[in-house]
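Visitor: I would like to go through this structure with you step by step, moving from its overall form to particular residues. Could you take my questions in turn?

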Amino acid sequence: MSTGLNGKVAIITGAARGIGRGIALRLAQEGVNLALLDLSADQLGIVRKEVESFGVKATTYVADISKREEVYAAIEHVVSTLGTLDVMINNAGISQVKPIADVVPEDLEKILNINIGGVTWGIQAAAAKFKQLNKNGKIINACSIAGHEGFALLGVYSATKFAVRALTQVAAKEYASDNITVNAYCPGVVGTDMWVEIDQRFSEITGAPKGETYKKYVDGIALGRAQTPADVAALVAFLSSDDAAYITGQSILTDGGLVYR
């Protein structure tokens, strides 16, 4: 049975590496035409070539998702270049490993602007375009296991992901009458550069040897291995598909069995 993805158009923020790249590759295999958004033009070009090898159309756009006007401009670029928009994937985000006692205003402002602001502007811009095009749309946000449970030394990061879960629920309610669904995916321990950075910061703060924090969390996963970007991308592909048409407002854990809700 067709999932209805072939020929659709999706935009992915934070598409230059890690989970974003994994999502791009999976959707390209499903026949989705892609707009790849990130701050790294060079790396975006590499991912664009990778997805185009599957025979789909792709475009790249350099933008800072914390800036509302740049997100809106990206949406306009996508529609003018690829003709329409069907799926908005607000994937971009940053981590922050720091005890609450050490957080300074600059830390707070940066992560709030990216992790909460970027998702907010992405929801706004995509929903406005879906309504203008008079079509159903799907908005999919990057949450985390830290959106379901606060983790020590990841306090502000956890708070931003709790916020993404709230934004996902609220947007689902507000846009349901426009036939726009809004959901989120909640990864756990993924073997990407972000987790290398998290492990390094834990090492600096706690004195744990490099790799120990990563191993500790992986050892707690029921399925016995770290997650891959492809694992996350499989859920995102499902949420992008016709099979998920009756799902909205959900922030779905995809962590191999680490946090249970």
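Predicted model: local features only at pLDDT ≥ 70, side-chain atom pairs only at ≥ 80, totals over all residues.

Visitor: How many salt bridges does a search of the whole structure find?
Guide: For the whole structure, the number of salt bridges that the search finds is 12.

Visitor: How many residues apart in sequence are the parts that the pair of Asp-86 and Lys-135 ties together?
Guide: Asp-86 forms a salt bridge with Lys-135, and the closest N and O atoms are 2.6 Å apart. Asp-86 lies in the loop between helix H3 (68–82) and strand S4 (87–90), while Lys-135 lies in the loop between helix H4 (105–133) and strand S5 (137–142), so the parts tied together are apart in sequence by 49 residues.

Visitor: Which relative accessible area does Asp-86 have?
Guide: Its salt-bridge partner Lys-135 is partly exposed, with a relative accessible area of 22%. Asp-86, by contrast, is buried, and its relative accessible area is 8%.

Visitor: How far apart in space are Thr-84 and Lys-135, C-alpha to C-alpha?
Guide: Thr-84 has its place in the loop between H3 and S4, and at 19% relative accessibility Thr-84 counts as buried. Leaving aside residues up to four places away in sequence, Thr-84 touches Val-9, Val-78, Val-79, Leu-133 and Lys-135. Thr-84 and Lys-135 are 51 residues apart in sequence, and their C-alpha distance is 9.8 Å.

Visitor: What is the phi of Asn-134?
Guide: Asn-134 lies in the loop between H4 and S5, and with a relative accessibility of 70% the residue counts as exposed. Asn-134 is not a glycine, yet its phi is positive, at about 55°.

Visitor: At what angle do the axes of H3 and H4 cross?
Guide: Two packed helices are described by the angle between their axes together with the distance between those axes. The crossing of H3 and H4 is right-handed. Their axes come within 9 Å, and the crossing angle is roughly 35°.

Visitor: How many nonpolar residues does the contact of H3 with H4 have?
Guide: On the H3 side the contact is made by Arg-68, Val-71, Tyr-72, Ile-75, Glu-76 and Val-79, and on the H4 side by Trp-121, Gly-122, Gln-124, Ala-125, Ala-126 and Lys-129. By class, the contact has 2 polar residues, 3 charged residues and, as the number asked for, nonpolar residues to the count of 7.

Visitor: What radius of gyration does the protein have?
Guide: The protein contains 8 helices and 7 strands, and its C-alpha trace spans about 55 × 35 × 35 Å along the principal axes. For 261 residues, a compact globule would have a radius of gyration near 18 Å, and the value for the protein agrees, being 18 Å.

Visitor: What share of the 261 residues in the protein do buried residues make up?
Guide: Among contacts with a separation of 6 or more, residues 24 or more positions apart account for 71%. A residue counts as buried when its relative accessible area is under 20%, and the share of buried residues among the 261 is 51%.

Conventions. Residues numbered from 1 in each chain as written. Heavy atoms only, no water. Salt bridge = Lys/Arg side-chain N within 4 Å of Asp/Glu carboxyl O. Helix = DSSP H or I, 4+ residues; strand = E, 2+ residues; numbered from the N terminus. Buried < 20%, exposed > 50% of the residue type's maximum accessible area, 1.4 Å probe, protein only. Axes fitted to C-alpha atoms, helices over the stretch in contact; angles between N-to-C directions. Left-handed = near helix turned anticlockwise from the far one by under 90°. Contact = heavy atoms within 4.5 Å. Nonpolar A, V, L, I, M, F, W, Y, C, P; charged D, E, K, R; others polar. Rg over C-alpha atoms; globule rule 2.2 N^0.38 Å.
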